[in-house]
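Please look over the sequence and the model shown here before reading on.

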Amino acid sequence: MYRYDEFDRDFVTGRVAQFREQVERRLAGELTEDQFRPLRLQNGLYLQLHAYMLRVAIPYGTLSPDQMRMLGHVARKYDRGYGHFTTRQNIQYNWPALKDVPDILADLATVEMHAIQTSGNCIRNVTADHFAGAAADEILDPRPYAEIMRQWSSLHPEFAFLPRKFKIAVTGAERDRAAVQVHDIGVHAKIGQGGKVGFAVYVGGGLGRTPMIAHKIRDFLPEEDLLSYMEAILRVYNLEGRRDNKYKARIKILVHELGADVMREKVEAEWERIRSGPLALPADEVRRIESYFAMPDLPHRADAAAKLAEARKTDAALDTWVEQNVVPHKVDGYGLATISLKPRGGTPGDATADQMDVIADLAERLSHGEVRVSHEQNLILPHVALDDLPEVFAILQANGLAAANRGLITDAICCPGLDYCALANARSIPIAQRISERFAELDRARNIGELKVKISGCINACGHHHVGHIGILGVEKKGEEFYQITLGGSGDENTSIGEPVGKGFSADEVVSAVETIVDTYLENRSGPDETFLAAVRRLGREPFKEAIYARH
């Protein structure tokens, strides 16, 4: 993973000192809340429903053990003993006191972390495939390019006050685990003719009140042109994006209004003007940054997985967890192990300070010093020897982290909703918890198979409900919470926006409606190998809509 250089350290330390002075002025009454607001937002500090919330950046979702321990320390010392991992691969603390925030940022700086550009109308955290650099199906590790874009975009003077917030995602596998087609810019790293590295570039995706799938405007962008092309896109957006209406200010609206072809022409014209300038990427600099992301020296395993195979014969829980939560690694004898943050009845994405310490220790001892955060609000140990999995599982099991539900109906994405967020219309956490309880029987959930439930407490779609196989949106009607259900969404390489089915449901009805949808799928699937999403795409919405109306 990337290590700070002298510039990075000075930059972050200086920002902490600046913000400390700004907080002191706010607490002394020298700054009003209106004056303080743009200053705190540039440092990742929000004022939520009940308290301040601090969002800490985790670039492309990669953490060291020391960084994970620091996140646990912050939760324990300055918050209420836990943190919330988000769909942007960041972490949020929901209860920090304003007076403590400079100290939090100072502590984070000691392990090369900060909260800069986690809010505001700027380029936010660049996200990546959480299996990057290790997955067996990967073509190219996208993280070095995410790091290059992080360095380019940090405090970029031209893009610090964009028409609206801006989000970039990168992937390097055929299976898209980073949802690149629902981002402002999506970058798909690939190998072209003659082994040349390049990128497919997507522009104009996004969710929120106007969900849109991005348009591919470049099928193969040469590696050396990555930053100049990104800059060209941002310049066109900064110049022509709407600033008169925040609901129409995202780049997806600009692309929609201009049309993808016109957008492409404008970007290409600007790119041709600047591509030969200082933004051209030197190959030696790319290789230098790539060296930070080199595969760890994984010892050869002569008798790979013999110990694991024996353990699985006598431990049914381990056997199920390995089958559900571990995926193949590039190197024989190793696997990527997902740590589900979705225990029965739990809050999706939450981890306690003690759990963070446990995960840090596991990463240090048994995963070659790495932890990943997924946009699906789970954590990953990316380099685990298969024969170490029984030990990993036993430790996770002892600490409430061994849910064997990766990709199942109980592995739901969920925003904080009305329990925390001032923008929300309805609670989302209790709905996720009740779905988790309703489908808690593991054999039942595994019989249902892959089913991605995504829940948002308002139209801003922080829970990505539009691309859920089952999406749930909380709305407010006459002072009561209601929930709209969509079907058929997906955020993978075959991206689709879910379509509404039926009426809205009350908080008391919505989980039963989800169960009716699942039962209808089980009754109508062509066989056990047909997934929920495949069945919805084959059958359409009508069978599910009819079943909902008949039973509710």
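The briefing below moves from the whole protein to a pocket, a helix and a single residue.

This is a predicted model, in which local features need pLDDT of at least 70 and side-chain atom pairs count only at pLDDT 80 or more, while totals for chains, interfaces and linings use all residues. Residues are numbered from 1 along each chain as its sequence is written, and side-chain values use heavy atoms, with hydrogens and water left out.

**Whole protein**
- The protein has 18 helices and 21 strands, where helices (H or I, at least four residues) and strands (E, at least two) are DSSP runs numbered from the N terminus.
- For 552 residues a compact globule would have a radius of gyration near 24 Å, and the 23 Å of the protein agrees with this; the radius is taken over C-alpha atoms, and the globule rule is 2.2 Å times the number of residues to the power 0.38.
- Along the principal axes, the C-alpha atoms fill a box of roughly 60 × 60 × 60 Å.
- Of the 552 residues, 60% count as buried, that is, under 20% relative accessible area with a 1.4 Å probe and protein chains only.
- Among contacts (heavy atoms within 4.5 Å) between residues at least 6 apart in sequence, 68% join residues at least 24 apart.

**Second largest pocket**
- The second largest pocket has a volume of about 580 Å³, and of the 30 residues that line this pocket, R175, E376, R406, E450 and K452 are the closest to its centre.
- A pocket is here an open set of points on a 1 Å grid over the protein atoms alone, where a 1.4 Å probe fits, with protein on both sides within 12 Å along at least five of seven lines, and lining residues have an atom within 4 Å of a point.
- Helices α11 (316–325) and α17 (532–539) each supply at least two residues of the lining of this pocket.

**Helix α12**
- The 14 residues of helix α12 (residues 353–366) should span 20 Å at 1.5 Å a residue, and the end C-alpha atoms are 20 Å apart, which agrees; the expected span is 1.5 Å times one less than the number of residues.
- Buried residues in α12 include A353, M356, I359 and L366.
- Just after α12, H368 takes a positive phi of about 55 degrees.

**Residue T127**
- T127 lies in strand β6 (residues 127–128) and is buried, with a relative accessible area of 4%.
- Leaving aside neighbours within four places in sequence, T127 is in contact with Y60, R88, Q89, I168, A169, V170 and H183.

Conventions
Buried < 20%, exposed > 50% of the residue type's maximum accessible area, 1.4 Å probe, protein only. Points joined across faces, edges and corners; volume = space filled by probe spheres on them.
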